Every structure is written in structure tokens, then in C-alpha cells.
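Subject: Structure handover

Hi,

I am passing this structure on to you, and I hope you enjoy looking through it.

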Amino acid sequence: MAINELRSITTFIKAAELGSLRKAAADLGISPQAASKALAQLETHLDVRLFHRTTRVMSLTDAGQRLFEDVRPAVTGMHRALQSAKSARDEFAGPLRITGPRTTFQPILWRLVDEFCDMHPGIQPDVLLDDRIGNWVEDRVDVGFRLGPSPHEGVIARRLFPVQLPICGAPSYFAKHGVPESLADLATHRCSAYRHPSTGKVLPWRVKIDGQAADQPVAPTICSNDELFELQAVLAGKVLAQLAGVTAAPFIRSGKLIPILVDHMPDYASYFVYFGSRSSQPVRARAFIDLAVQRLADNPEYVLNPSELLGKVGRPGRA
């Protein structure tokens, strides 16, 4: 239904209910001239007179009475449905659909969702974790988290924190196999490589050489498509691995892992939270976004500082 027809019918119903076109205009928040034009358009469109009019009184014709009885229930129901949809936007309780990467981000997102649900028990989180780049519109996503820029147009992004990729090993590994002093030395060491769960490809390590990002191929002793499995292999002293900083950070801080070749750690990317227009979002989605930014933006818990990256195995940062 075109918007002019909807306005014309709404004006007609309101005028019939109030018995006055001027009162109908005031009730609808439009000018008397606009109300008169809307009613005239409807009568012209139907080619029928809907009201008997005098200077003081207007009353429905027979055709107008039939139209009023036929359309009033439908239009009233439609306005009720529209009001209900508008109210739903402002309701705090209800479903909240969230998507994010499976790798690395699971524990971070769980803590965030858990806190938000404790604050607002009526929230029903629906969380989709997937390393692939999905279609957030088709998946009906309210809030999305992603590493790097979004491929979708029309979404708003807020940066959260940088992703570090330190090369790490356990003290027991270095005691047995020694410490690589350069990227070239990695060829003689036991390394782990990550197999992308969506593509199946074994990913090279990402490093920085002369200030530029570069791929560092490794001959993997162990390959896995699961970051936690890879982490266990490193903690056991079996291999070296390039881990996400958020995963490695607590173990580096406790001394269970030691970062090496830190001069070659790349300035890789950052995590972002993505969402659509805030004006049309449910209030629960806006509140969750605000909490995500408050808890995650440049949070030092997820970013290793220079002294933490220095490590305890001499000076392994040389090329």
C-alpha cells in the first residue's frame, strides 16, 4: 500500500470517528489542508463521495459507512501491529543474536555474555561462533565481532584491541632444543602450524621483516585446526607455535610460556565489534555493544606490554 493511500484511509477513519476533518487533522498531527487533500485523494481514487459536508457538520454517506465498517478493523489492527513492533525495539528482555570467530574469541565472548546476562536476566543470547565470514543480514545478527575490517557495507565498527601474534615456547622446550636466534633458525626447530578450519589450508606464520608484514613458512611437526590443542602441545614443551596474544598472555605472564623473536611480531590487526544503525536497534543490543566497548576496548588483560614480551631466554629478538 502506498503511503499516500495509507494516510488517506487513516484520515478518513479518524474524520468518521470524530465527525470533523479539523479534529482528525489535529489528532493525526497534520494540517487541516493536508487532511482535506488526503480525503479528496481517496474520494477521487474510489470515484465515490464518502461524506456529506456542510459548513458545520460532516456525516458519512452510505458508501462511506460501508467503507468505514470494512476498513476500520484492518487499519486498527495494522496500527496496533506497528506500535507493537516499535515497542519491541525498546524492550530490554528478549533474544540477542551475536556472532563472532570461534578461534581465540570464545573465552572473551563468554565472559562478556555471562556478565550481561547477570545484569539483565531477561536476555536470551543466541551465539553463533564461526571462523567463516557469514552474511550478518541473512543470519539476523544484532551484534558481531570480527578480526579486521568488515566485508559488509552499512555496518558501524568500533575498534576493541589489537591482535598480537607472539611466537612462544615452554621453558622445557628451550632447555632441550635451545632458543632460535633468528627466523632462519626456525627451520631446525619443531614448530606447530594451524590448519584453517574452513579452508583446510595450513597457514604460514605471520611475521614482520624490516617493518613489513610477511609470511614465514614452517615445516610443521604438529598440525591442528584447534587452537587449544595447539596450545597444549606448546605447554607440554613439544613444539614452538605462533599463538594469538589473548590466548598466550596468561601463560606468558605466569612464566609457562616464553615469547621469542619479538622484534618480528607483526602489527597484525585488531578486533572490532560491528552493528547496524543504533537508532533502529533493540535497546538490549545497544546496551550489549556499550558493555563490549567498556570491557574490551584496549583492555591490557588482552594485550601484552613490551616488558612482558621481553621474555626470559636472553635476547631472542635479533634477525
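The largest cavity is lined by Leu165, Pro166, Ile167, Arg206, Val207, Gln242, Ile260, Leu261, Val262, His264, Met265 and Pro266. On a 1 Å grid over the protein atoms alone, a cavity is a set of points where a 1.4 Å probe fits but cannot get out, and lining residues have an atom within 4 Å of a point. The volume of the largest cavity is about 30 Å³, counted as the space filled by probe spheres set on grid points joined across faces, edges and corners. Its lining has nine nonpolar, two polar and one charged residues. Here Ala, Val, Leu, Ile, Met, Phe, Trp, Tyr, Cys and Pro count as nonpolar, Asp, Glu, Lys and Arg as charged, and the others, Gly among them, as polar. The whole structure has one cavity of 30 Å³ or more.

Before you go further, please note that this is a predicted model, in which local features need pLDDT of at least 70 and side-chain atom pairs count only at pLDDT 80 or more, while totals for chains, interfaces and linings use all residues. Residues are numbered from 1 along each chain as its sequence is written, and side-chain values use heavy atoms, with hydrogens and water left out.

Next, the pockets. A pocket is an open set of grid points with protein on both sides within 12 Å along at least five of seven lines. The second largest pocket holds about 450 Å³ of space. Among its 26 lining residues, Thr104, Pro107, Glu227, Leu228 and Thr247 are the closest to its centre. Helix H5, helix H7 (227–235) and helix H8 (245–254) each give two or more residues to this lining, and H8 has the largest share, with six. Helices (H or I, at least four residues) and strands (E, at least two) are DSSP runs, numbered from the N terminus.

Now to the inside. The largest nonpolar core has 29 residues, of which Phe105, Leu109, Phe145, Leu160, Phe161, Phe288 and Leu296 touch the most other members. Such a core is a set of buried Ala, Val, Leu, Ile, Met, Phe, Trp, Tyr and Cys residues joined through side-chain atoms within 4.5 Å; buried means under 20% relative accessible area, exposed over 50%, and partly exposed in between (1.4 Å probe, protein chains only). H9 gives the most to this core, with seven residues. Beyond its neighbours within four places in sequence, Phe288 is in contact (heavy atoms within 4.5 Å) with Leu96, Ile98, Leu109, Leu112, Val113, Phe116, Val143 and Phe145. There is also a second, separate core of 17 residues, including Ala24, Ala25, Ile30 and Val75.

E15 runs antiparallel to E5, joined by four bridges, with Gly144 partnered by Tyr274. E6 and E15 are also antiparallel, over seven bridges, and there Phe161 has Tyr271 as its partner. Two strands pair if DSSP finds at least two bridges between them.

Elsewhere, three strands form an open sheet with mixed pairing, in the order E9-E8-E12. Strand E9 (202–203) and strand E12 (220–224) are at the edges with a single partner strand each, so one side of each has no neighbour in the sheet.

Happy browsing!
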